[in-house]
Amino acid sequence: MKKESLTNRNYYVTANVTLSNGTTLKLGKKDFYLSGNNLVDSADSGDFPVGVAIAKTASLSLVNDDGRFDGYNFNAARFVIFLNVRLSDRIETIKRGTYIVSKKPATASEISLSLLDKMHNADKTYDSNLSFPCTVKELLSECCQQCGITLGDAMFPNADFQIQKAPSNATYRTVIGMCAGIVGGNARIDENDLLRIITFDKTFTNTTIYDGGAVKNWTNGDDLDGGTLNPWTTGTVIDGGTLSNNDYHALFSIQNLQYDVDDVIVTGVKYVEDETEYMSGQDGYVITIDNQLLSGNAQAGVEAIGNQLIGLRMRPFSCDGIANGYATFGDPVEFIDTKNRVFRSFVTDIEFVFGGSTSWSCSAKSAEEDASEFIGDQQTAVEQSKKDIEKKLSAYDVKLKQMNELAANTLGFFYTEEIQEDDSVITYRHDKPTLADSKVIYKTGVDGFFLSVDGGQTWKAGFDSNGDAVLNILYAIGIQSEWINTRGFTAKDNNGNTTLRIDADTGTVTLEVENFTLKSRTIEQIAKDVVDGTVQNNVTIPNYYGTYVPTLQNYPASEWKSEEYKKHDGSIFMNFSTSQVYMFSGTVGAWQELDAEKIVNFERVFNALTDNGKQEGIYMQNGHLYINASYIKSGQISADLINLKNINVTNSSGVSTFAIDNYGNVTLRPNTFVLANGDTIYSVAEDKASTALSNANRYTDNALSDLDIGKMSKQEIIDVLSDNSSNKGLYLSNGNVYMNADYINTGELAGWKVGIKKLSASGAYGEVTLDASTGEIYSETNTGIYVPGYGTLYGTRIRGINLYTGTVHASSASFNKSVSASSVSADSVSASKKVTAGTHIEASGHFYSIGTGTDLADLSVRGTKKRILPTKNYGTQAFYCYEMASPMFGDIGEASVSEDGTCLIDIDDIFQESTNVRIEYYVFLQKEGDGDCWVDKKEQTYFTVKGTPGLKFAFEIKARQADYEHMRFADASETAYDRAIDTDMPEPDYSESLEVSEPDYEKELLNNREKIIDEMGKIS
């Protein structure tokens, strides 16, 4: 298959489809258009990827011109995609996995589908209850289970690395990528929908490739010591490898090859946390890792990653080649340049186009860029508000669902028998027609059943005749056994919460359970029994304290009557000053000293309860019990003296009503405040206010009584009213009383209403306001203002009105929002955003592009481009433009093959100057009669056609537009100048002459004109 695939690109697509309503469809070759189908398997990181969870994408184009799919809804449909290619002896079918339609498609004659693989299940907020610290394997398994993804690798490098902290502000897909980054690789869903960790094989690119030189010049190439004839075992030994190239892709017939001049070799790995740098390896080409999972265990992490990456060699490159349907992300590749030099690398971005080509690239930065930064936290922008809790599937449910999908879409196998000398048979079931070409092999013999996924080099699973089984991951509803021997163990409840975990490396056992019983006894019962046993072992707790030796004459026995002694039998007293303990004997009527070792030390008990004084609500110090008032939440405090730094009293609603801070500031917020004599704040304030008002009235009455208004002049009255002219609102001048308008704040003046810096007047047609505070003249209603002449308004703004001027004349006009008019005429129109016209935009001159300096440069339109023309019988019709993937010009014509079988056609001079005919251009021929013709030669100024003498033909020439030769599918935001590349094109060799007979152009032109005249006569 690989041998034929070097030249065979005729792949076509088929698919098994399950719609969202459960309907299943089998789509064959005729259900898909030949174009519009592709698969992309790419990290899309911009750098050499480490720590990326890759989401593969697909685009499919369904045929629906006959309405065959009108009754189906493909939104969220599940496609199992197959690649098919016809080989010389069979049709090869390659499964490429399950994809989900990600965008709701429109139903039309062509249904275009955009699809994502199952990695999109992980594009949701990480919210696992997994306990930390944990291993990379445990976290990766948890993420897969939460997202309905089946983990395909039971073990992988660095799987036991200890993660100290849970990731935050991340999606499950990001966390899966972080786990893969710890391994030094990337995560990818394979063709069987299993999540795999993809790493890079350092031995492949570090293998020396020797140049054997040319056959005719054996002196070139590499020199090797071949040893001596005797003994022949000396000298250099070179492993020539095998004839098979199954382990990497050898790229032949490639185009558009670009590659760096040097290999990139990773010399170190670096991680930075809180400005602390952790490094493995040495300076040079250093990969900087951004990965939350390294936090708290960073140095061990970079060392583990460095073991996988340091020494990795790759060659950044990109090229296009023959379609390859079985290549995937991370595959090793080998390519050859035009000088037959061989290079090796890894493919990080690959796009397969059905019926087209395959694009390959390794996106590592060049060594000259000093260092590469690889982001393990891609897709870290996540929704902060969590969605409704989704139903959690167990790992068994996820695997069972995946196995059912495998069964529904599985391909057939091939069968081989290997007959032994005793006529017994070893059977093989494999995925390719021959056992040698197969990767997946099931081997059955008398000793057991075995599975290999690497062509039989190793057998990774199976069971033998003794009943012993070796499996990758075992999924089961239940396991019943005599014994289980395992390094680690994890148990989870139905919500996915870890309840029991045994660390495989440390043996630490972690329990997070609601209830725990041991031999039918709970932890509480066991603890109570232990306490009861301690009490029964004569550990005595004191109930009286002092700093003296207790007697019958001091406290507490001095308060007991002799007939009460028996009631106090067993009472305990502790002397804090000596730590001695005494017990009262009711029979003897005396205190007896006890063994202090059996007495609980209260200071130790209290400090244990308060975490050695860190919780200071209650504590003991120097034998005294203390209470920190900061921790008193309720109750009453009664004392002759309270010495506090601050006081804060709150009511039942938690509102502070009385507070004294550390600086002595007092704050009162009471509802009522009563003094000792029963007066309230309000009654005191009213008394004081009444007294002050009475005094003020008495003062003004006395002042006015001293004035004799009848004997006062106008000036004297004004001076009294204006405080001797200090208040200038009202004043007297030349015998007249004046009012200063600066002091008019309200009221009306002859129809005008005066406000603060405002003057307004109302009339039959509304109200007009002059606002001095904003410099505006505006109307609160739809009042019209007639502006006579062609004056200019300076420093004002007009809003909410209409201008009834007929025409607005201005050398320059600027509008913040929009202008609406049936016609706008101006020498210059400038708009910061866009100009919209209801019918059309007309310019007597031209539209000029300031950005490029050309007229109508890089015209871009959305939708279609068309020309409108009137027709005689069908009204006005639209004729659409023919679009190309690159800027090209074309020309058409017709000619005839001369009697000597040749025809030379000159390329128009204008066409030559407008295009680049120095590089490859295209000529298409159409025969117009019996015979044959073909393009024999293409030169810069002409091309020649050979064929049947006298055969008439039509031709079309297409050439790339000059200065835009390298443009192809430019981004819509770019211009041709952004994309165009100034490259020296090779000059063709025109030294070779070609003698051909010159056609009789005059005769042909005359015949053409006569033919056209005849056809026009028929039409009329």
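Trainee: In E64, which residue is the bridge partner of Lys 937?
Mentor: Thr 944 is the bridge partner of Lys 937 in that strand. Keep in mind that this is a predicted model.

Trainee: How many bridges join E63 to E64, and in which sense do they run?
Mentor: There are 5 bridges between E63 and E64, and the two run antiparallel. They form a hairpin, with 3 residues between the strands.

Trainee: What is the strand order in that sheet?
Mentor: The order is E61-E64-E63, an open sheet of 3 strands with antiparallel pairing.

Trainee: Which strands stand at the edges?
Mentor: Strand E61 (902–906) and strand E63 (933–938) do. Each has a single partner strand, so one side of each is left without a neighbour in the sheet.

Trainee: By how many degrees are neighbouring strands turned against each other?
Mentor: On average by 25°, with direction ignored.

Trainee: And what joins E61 to E64?
Mentor: E61 and strand E64 (residues 942–947) are joined by 5 bridges and run antiparallel. Across that pairing, Ile 905 stands opposite Phe 943 in E64.

Trainee: Where do the side chains of a regular strand go?
Mentor: In a regular strand they alternate between the two faces of the sheet.

Trainee: Asp 906 next. Where is its place?
Mentor: Asp 906 is in strand E61. On the surface, Asp 906 belongs to a patch of negative charge with Asp 891, Asp 908, Asp 909 and Glu 913.

Trainee: Switching to E32, E33 and E34. What do these strands form?
Mentor: They form an open sheet of 3 strands in the order E32-E33-E34, with antiparallel pairing. Strand E32 (489–492) and strand E34 (509–511) stand at the edges with a single partner strand each, so one side of each has no neighbour in the sheet. The twist from one strand to the next averages 5°.

Trainee: Over how many bridges do E33 and E34 pair?
Mentor: Strand E33 (residues 498–502) pairs with E34 over 3 bridges, in the antiparallel sense. Leu 500 stands opposite Leu 511 in E34.

Trainee: Salt bridges now. What does the count come to?
Mentor: The count comes to 21 salt bridges, taking a side-chain nitrogen of Lys or Arg within 4 Å of a carboxyl oxygen of Asp or Glu. One of them is between the side chains of Asp 117 and Lys 56, at 2.9 Å from N to O.

Trainee: Which parts does that pair tie together?
Mentor: Asp 117 lies in strand E7 (residues 110–117), and Lys 56 in the loop between strand E3 (38–42) and strand E4 (57–63), so the pair ties together parts that are 61 residues apart in sequence.

Trainee: Which residues form the nonpolar patch on the surface?
Mentor: Val 666, Leu 668, Phe 673, Leu 675, Ile 681, Tyr 682 and Val 684, with about 620 Å² of accessible area together. Strand E45 (666–668) and helix H9 (681–705) are the elements that give two or more residues to the patch. The largest share, 3 residues, comes from H9. Val 666 is in strand E45.

Trainee: What about the peptide bond between Phe 132 and Pro 133?
Mentor: That bond is cis, with omega about 5°. Pro 133 is in the loop between E7 and strand E8 (134–135). The bond from Tyr 555 to Pro 556 is cis too, with omega near 10°. Pro 556 is in the loop between strand E37 (544–546) and strand E38 (572–575).

Trainee: Last one. What is the phi of Ala 76?
Mentor: Ala 76 has a positive phi of about 65°, although it is not a glycine. Ala 76 is found in the loop between E4 and strand E5 (78–86).

Technical notes:
Residues numbered from 1 in each chain as written. Predicted model: local features only at pLDDT ≥ 70, side-chain atom pairs only at ≥ 80, totals over all residues. Heavy atoms only, no water. Pairing = 2+ DSSP bridges. Helix = DSSP H or I, 4+ residues; strand = E, 2+ residues; numbered from the N terminus. Axes fitted to C-alpha atoms, helices over the stretch in contact; angles between N-to-C directions. Patch = residues over 30% accessible without salt bridge, like charges linked within 9 Å, V, L, I, M, F, W, Y side chains within 5 Å. Areas by Shrake-Rupley, 256 points an atom, 1.4 Å probe, with all protein chains shown as cover. Lys, Arg positive; Asp, Glu negative; His and termini not counted. Charge placed at Lys NZ, Arg CZ, Asp CG, Glu CD.
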